[in-house]
Amino acid sequence: MAKEDQGLAIGIDLGTTYSCVAVWREHHSRVHIIHNDQGNNTTPSSVAFTDQERLIGDAAKNQAATNPQNTVFDAKRLIGRKYSDPVVQKDMMLWPFKVVAGANDKPMITLNYKGEEKQFCAEEISSMVLVKMREIAEAYLETKVKNAVVTVPAYFNDSQRKSTIDAGTIAGLNIMRIINEPTAAAIAYGLDRRMNCVGERNIFIFDLGGGTFDVSILTIKGKIFEVKATAGNTHLGGEDIDNRMLNYFVEKIKKEKKEDISGNPRALRRLRSACERPKRTLSLAVTASIEVDGLSNGIDFRSSITRARFEEINMELFNQCMETVDRCLADAKMHKCSIHDVVLVGGSSRIPKVQELLKDFFEGKDLCKSINPDEAVAYGAAVQGALLSEGIKNVPDMVLLDVTPLSLGKHVLGDIMSVMIPRNTTIPVKRTKEYLTVADDQSCVKIQVYEGERTRASDNNLLGSFMLSGFPPAPRGHRFDVCFAIDENGILSVSAKENTTGISNKIIITNDNERLSTEEINRMIQEADDYQAEDMKFLRKAKARNKIDDYAYKLKNALKNENFSSKLFSEDREKISSAITKATELIDGDQQEEEIDVFEDHLEELINVFKRFVGKSD
Ligand code: ADP
Ligand code: MG
């Protein structure tokens, strides 16, 4: 590989179910979506651990049904959350892998790797997916990649965004910017259509992915993209559709085969993953078939489903999508007539019924499908990456304005949430407000920072707190200023100041207990390197093993050939035979026990034997 290209930045859509990577190609003046080693433009966000190796992406997803406890997906649902979070508790029930409470209520994924129990936090799992995406880009670009723009759902809070940055750091990436997925899609869309844009256009982004649903309204005016409002549902997407299909088929099997597989997790898992293909087919065709051999008690399951039935069983989910669409417009105080373009994003937005409902909602407006829905987010992230990189000239310049997904405020007397920055405020933003002390002779105040929409502060999410202390005791009603500032990554810092003395205090909300410490991150970076090294070792061993197999086979065949065999001295024949025997022992033996050197040394020996007696090796 060539030397590290400092200037280059890739765009990564780190999805709940699938991830995608893209890069701006300066000499072509366009974004290139990079396919993985399987030729796919999206890569499953899955990581699996086996007795022998670690697998990431397609390889992990493909073996998920046979190794469910050790195949992790949905890490994005855990990132930046606490174990006791009801969302985590609910999600856990659907996961075949084990999650336990770690220190400070941090959820830890517990797995078995090479016969030992290991624990990983969500940041580590996500970092493995990020490493995979980086490697996909590096293979295509033939250079090392350091910089990246990574996208997150619009509703991600402060802690989730920071944890995503931590995942990037563990992956050895420099995260230049975190941007909202719908915003990234909008950038991609804006590039497509900007030339035709006259005046101000209101764009509605509809992103129905594998695990999540995001809608946003943004305005494009000249070079400026402004996100006006966002809404979303953390648990609505292709996986829920797969689950509905699963339930449908379970019932069908019960009726038709008199077999209840609902208590058979392995069968359920296999059936669920088999549902994804017919689901995709139904976006194009009106019927699709499903086949799972040996599903349960020797039953080979064969069935089919029509598009009409598929729509019926999922209608509730589709209607939920439309409710969210409605809510987003209400938040933005916009009527649907004022939307100029409706843009489809996310793999599940390919479902015809979803498109039909959306089109009807917008009173027959044609939907924009010019961008590949799976790639739009990574596309936009790559453009943003180019904008932030030095030496990139051809990328159209634009100013990107994002909004806060949740209201931010502080606790005031009576457990009231005093909102400093309402949700959907454009960032970066800085707001200062004057507050008063509530008791006589107060010389300190506690600033408690919350995010959320509830009026009672304690019903919202506590982000952190700090003390402003040391000012002279004064009668109640003494003034002090509190300032909330959000930077372009959506990261909040809060400061407070007492004006007569100038005493101030400040925190960057680090979600104290939840966020990884520098030491922890450093340890994880080291571990990530170790895992990488182990993967490489495994690959080298596997390659050597396959070659040994190959040469042993060729040598065996040569020995079988009378013509060749009869010309050998008996000691040479012995030599070849013993090399074959050792090869067979190595291949059949416990490979984990043996060092790579043993394999590589014997391979060399085999190659020499082959060269000497049979001919040129390849
Ligand atoms: P995310 O960003 O949430 O990980 P994606 O936008 O990549 O998700 O979408 C992945 C989801 O889209 C998966 O559930 C997948 O099954 C679904 N999907 C992909 N293609 C199609 C299709 N042609 N029809 C229906 N669903 C699809
Ligand atoms: Mg997505």
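Two strands are taken as paired if DSSP finds at least two bridges between them. In this predicted model, strand S8 and strand S9, the latter spanning residues 107–113, pair in the antiparallel sense over 4 bridges, and valine 100 stands opposite methionine 108 in S9. Both strands belong to an open sheet of 3 strands, arranged in the order S8-S9-S10 with antiparallel pairing, in which S8 (98–101) and S10 (116–121) are the edge strands, each pairing on one side only. From one strand to the next, the twist averages 40°. Helix H4, made up of residues 122–141, packs on this sheet and touches S9 and S10, its direction making about 90° with that of S10.

A further antiparallel pair is formed by strand S16 (residues 287–296) and strand S17 (residues 299–306), which are joined by 7 bridges; here glutamate 291 has arginine 302, in S17, as its bridge partner. The hairpin of S16 and S17 has 2 residues between the strands, and asparagine 297 takes a positive phi near 50° in this hairpin.

Around ligand 1 there are 17 residues, of which Thr17, Gly210, Glu276, Lys279 and Ser283 come nearest. The shell divides into 2 nonpolar, 11 polar and 4 charged residues, and helix H8 (residues 265–281) gives the most to it, with 3 residues. Polar backbone atoms approach oxygen atoms of the ligand at several places: the distance is 3.2 Å for threonine 16, 2.9 Å for a backbone N or O atom of tyrosine 18, and 2.7 Å for glycine 210. Taken alone, ligand 1 exposes 580 Å², and the protein buries 93% of that area.

Notes
Residues are numbered from 1 along each chain as its sequence is written. Chains are lettered from A and ligands numbered from 1 in the order in which they are written. This is a predicted model: local features need pLDDT of at least 70, side-chain atom pairs count only at pLDDT 80 or more; totals for chains, interfaces and linings use all residues. Side-chain values use heavy atoms; hydrogens and water are left out. Axes are lines fitted to C-alpha atoms, for helices over the stretch in contact, and angles run from 0 to 180 degrees between N-to-C directions. Contact means heavy atoms within 4.5 Å. A residue is near a molecule or strand if one of its heavy atoms lies within 4 Å of it. A polar contact is a pair of N or O atoms within 3.5 Å; within protein, one must be able to donate a hydrogen and the other to accept it, and residues adjacent in sequence count only if both atoms are side-chain atoms. Accessible areas come from the Shrake-Rupley method with a 1.4 Å probe; for residues, only the protein chains shown count as cover. Ala, Val, Leu, Ile, Met, Phe, Trp, Tyr, Cys and Pro count as nonpolar, Asp, Glu, Lys and Arg as charged, and the others, Gly among them, as polar.
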